[in-house]
Amino acid sequence: MTPSAILESALYVTDLAEVETFYRDIIGLEPVGKVEGRHVFFRCGDGVLLLFNAEATKIPPASDASLKVPPHGTAGEGHLCFAATADEIAKWRDHLAANNIAIESDFEWPQGGHSIYIRDPSGNSIEFAEPRIWGF
């Protein structure tokens, strides 16, 4: 058995309101779910980006909870990479600059393909890269 795709990816954040605004208004993702103080979820292509308040996800579900999602979370800065063509990366550069978002790193990979890196408001490393960096 081999999974066919990654359905959801999670980042852990410190300020849900701030990252909700960032991923909705700057990155342009569509919100699909939200629980105040705990999480906000966004559609991204065929997948979902989950943004969690790390402290809230450490709390186990109540014994009578209908959704018994086990505790999870992490501390520190995570990483997520959005797929983008070379033309889209150029447009991202302009869009990010227009929104005063600093590009932390911008380079060509030795195997081919380009990446740019920024930080979200919680310090997570966010990359935009050509899929060919992985041979896609």
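Start by selecting Pro-131 in this predicted model: leaving out residues up to four places away in sequence, Pro-131 touches Ala-83, Ala-84 and Phe-136, where contact means heavy atoms within 4.5 Å. Pro-131 lies in the segment after strand 8. Is Pro-131 buried, exposed or partly exposed? Pro-131 counts as partly exposed because its relative accessibility is 33%; buried means under 20% relative accessible area, exposed over 50%, and partly exposed in between, with a 1.4 Å probe and protein chains only.

A word on reading the model: residues are numbered from 1 along each chain as its sequence is written. Local features need pLDDT of at least 70 and side-chain atom pairs count only at pLDDT 80 or more, whereas totals for chains, interfaces and linings use all residues; side-chain values use heavy atoms, with hydrogens and water left out.

**Zoom out to the whole chain**

Switch to a cartoon view, and you have three helices and eight strands to find. Helices (H or I, at least four residues) and strands (E, at least two) are DSSP runs numbered from the N terminus. Their order from the N terminus is β-α-β-β-β-α-β-α-β-β-β. The C-alpha trace spans about 50 × 40 × 25 Å along its principal axes, and buried residues make up 36% of the 136 residues.

Next, look at strand 5 beside strand 8 (residues 125–129): the two run parallel and are joined by five bridges.

**Move to strand 4**

Select residues 47–53, which are strand 4; six of its seven residues are buried. Strand 1 (residues 8–13) pairs with strand 4 in the parallel sense over six bridges, and strand 3 (residues 39–44) pairs with strand 4 in the antiparallel sense, also over six bridges. Which residue of strand 4 is the bridge partner of Ser-9? Leu-49 is, and Leu-49 is the bridge partner of Phe-42 too. In the hairpin of strand 3 and strand 4, click on Gly-45, which takes a positive phi near 60°.

**Finish in the core**

Show side chains for Tyr-23, Ile-27, Leu-49, Leu-51, Phe-82 and Phe-128, which touch the most other members of the 24-residue largest nonpolar core. Such a core is a set of buried Ala, Val, Leu, Ile, Met, Phe, Trp, Tyr and Cys residues joined through side-chain atoms within 4.5 Å. Helix 1 gives the largest share of this core, five residues. Center on Tyr-23: beyond its neighbours within four places in sequence, its contacts include Leu-11, Phe-42, Asp-120 and Ile-126. A second, separate core of six residues includes Phe-41, Val-48, Leu-50 and Phe-52.

Technical notes: Pairing = 2+ DSSP bridges.
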